[in-house]
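Have the viewer open while you read.

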Amino acid sequence: MTDGIDARQPLWLFDFVSPFSYLLLEQQDKWPNLPFLPVPVSLFELYGHWGQRVGYEIPAKRVFTYRHALFRAEQLGIPFRMPPAHPFNPLKPLLLAVAAKADLACVREIFRFIWREGRDPSTDEGFALLCERIGVSDGQALIERDETKAQLQHNTASAISLGVYGVPTFRLNDQLFWGEDALPMVLYCARTPNWLESKEVKRISSLPSGLAKT
C-alpha cells in the first residue's frame with residue numbers, strides 16, 4: 001500500500017542523481033522556516049513524461065553542468081566531489097530513502113555520501129557502504145519490496161500530476177519553484193505570497209505561445 005503525498009503541506013522534491021539537489025539541501029539553514037516534506041522522485045521518469053531530452057546526452061551541456069555545479073559549490077563554500085561516473089543509476093538510493101522513510105537529515109547523509117565523498121551508490125559495494133552509513137542493516141531486502149517500488153512510482157506520478165518537471169523543486173502555497181538558484185524566489189514568496197497574485201505575474205503566467213503547434 002502506498003502513502004499519498006499531502007500536497008497541502010510544503011514539499012521538497014529531489015533525486016540523488018542531481019548535484020543541484022545536494023547543493024540546495026546544504027543550504028537548508030537559508031530555507032523558509034516551514035516543515036518541508038522530502039519527496040524522492042525519479043528525474044528520468046519526469047523527463048520521459050514531459051518529453052524532455054536528458055541534458056547529459058548533450059556533450060557541451062554535460063560539461064557545463066558539471067562545471068557549474070562545481071563553481072556553485074566553491075562559491076557557496078560547500079564540499080563537493082563528483083562521483084566516479086555520471087549520470088549513475090539513482091534507483092537504489094531513491095528506494096532506500098523511500099523504504100527508510102527518510103527525513104531531511106537522513107536524505108542529507110545520502111547526498112553527502114554521493115556528492116561530498118564522491119561515491120557511487122549504484123554498485124553493490126557502494127550501496128552496502130551507504131546502508132551502513134545511515135544505519136540500515138537490511139537495505140537490499142528493503143529496496144526489493146514491491147511496496148517500496150510502488151511508493152517511488154507513486155511519488156513520481158504524484159509529482160507529475162502537480163506539474164513537477166525537474167529537481168530540485170519546492171512546492172509551496174500550490175506553486176512550484178525549480179532549481180537551486182530559485183531559493184531567493186522561494187524566500188521572497190514565502191514572505192510576500194501576494195506577489196504571485198500581482199497583475200504582471202498573472203499576465204506573464206498566461207501568455208499565449210507565438211508559435212503554431214505542429
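## Starting at Phe 113

Phe 113 lies in helix H5; helices here are DSSP runs of H or I with at least four residues, strands are E runs of at least two, and both are numbered from the N terminus. This is a predicted model, where local features need pLDDT of at least 70, side-chain atom pairs count only at pLDDT 80 or more, and totals for chains, interfaces and linings use all residues. Residues are numbered from 1 along each chain as its sequence is written, and side-chain values use heavy atoms, with hydrogens and water left out.

Is Phe 113 buried or exposed? Phe 113 counts as buried because its relative accessibility is 1%; the cut-offs are under 20% relative accessible area for buried and over 50% for exposed, with partly exposed in between (1.4 Å probe, protein chains only). Skip residues up to four places away in sequence, and Phe 113 touches Gly 118, Arg 119, Pro 121, Gly 126, Leu 129, Leu 130 and Arg 133, where a contact means heavy atoms within 4.5 Å. For a sense of distance, Ile 160 is 47 residues from Phe 113 in sequence and 28 Å away in space, C-alpha to C-alpha.

## The nonpolar core

The largest nonpolar core has 62 residues, and the members touching the most others are Trp 12, Phe 16, Trp 31, Phe 111 and Phe 170. Helix H5 (residues 104-115) gives this core its largest share, 8 residues. A nonpolar core here is a set of buried Ala, Val, Leu, Ile, Met, Phe, Trp, Tyr and Cys residues joined through side-chain atoms within 4.5 Å.

Which residues does Phe 170 contact, leaving aside neighbours within four places in sequence? Leu 11, Trp 12, Leu 24, Trp 31 and Phe 36 are on the list, and so are Gln 175, Leu 176, Phe 177, Leu 183 and Val 186.

## H4, a wrapped-up helix

H4 is largely enclosed by the rest of the structure, because 7 of its 9 residues are buried. Those are Lys 92, Pro 93, Leu 94, Leu 95, Leu 96, Ala 97 and Val 98. Their packing partners are strand S1 (11-14), strand S2 (37-40), H5, helix H6 (124-134), helix H7 (139-143) and H8.

Just after H4 comes Lys 101, with a positive phi of about 45 degrees. Lys 101 is not a glycine, and its place is the loop between H4 and H5. In contrast to the buried residues of H4, Lys 101 is exposed, at a relative accessible area of 64%.

Asn 173 is another non-glycine with a positive phi, about 55 degrees. You'll find Asn 173 in the loop between S3 and strand S4 (175-178), and at 52% relative accessibility Asn 173 counts as exposed.

Where are the cis peptide bonds? One runs from His 86 to Pro 87, with omega near 0 degrees, and Pro 87 sits in the loop between helix H3 (59-76) and helix H4 (91-99). Another joins Val 167 and Pro 168, with omega about -5 degrees; Pro 168 belongs to the loop between helix H8 (146-161) and strand S3 (169-172).

## Zooming out

The chain has 10 helices and 4 strands, in the order β-α-β-α-α-α-α-α-α-α-β-β-α-α. Helix H9 (residues 183-191) holds Arg 191, which counts as exposed at 60% relative accessibility. Between Arg 191 and Gly 48 there are 34 Å, C-alpha to C-alpha, and a sequence separation of 143 residues.

The C-alpha trace spans about 55 × 40 × 40 Å along its principal axes. Of the 214 residues, 46% count as buried. Among contacts between residues at least 6 apart in sequence, 76% join residues at least 24 apart.
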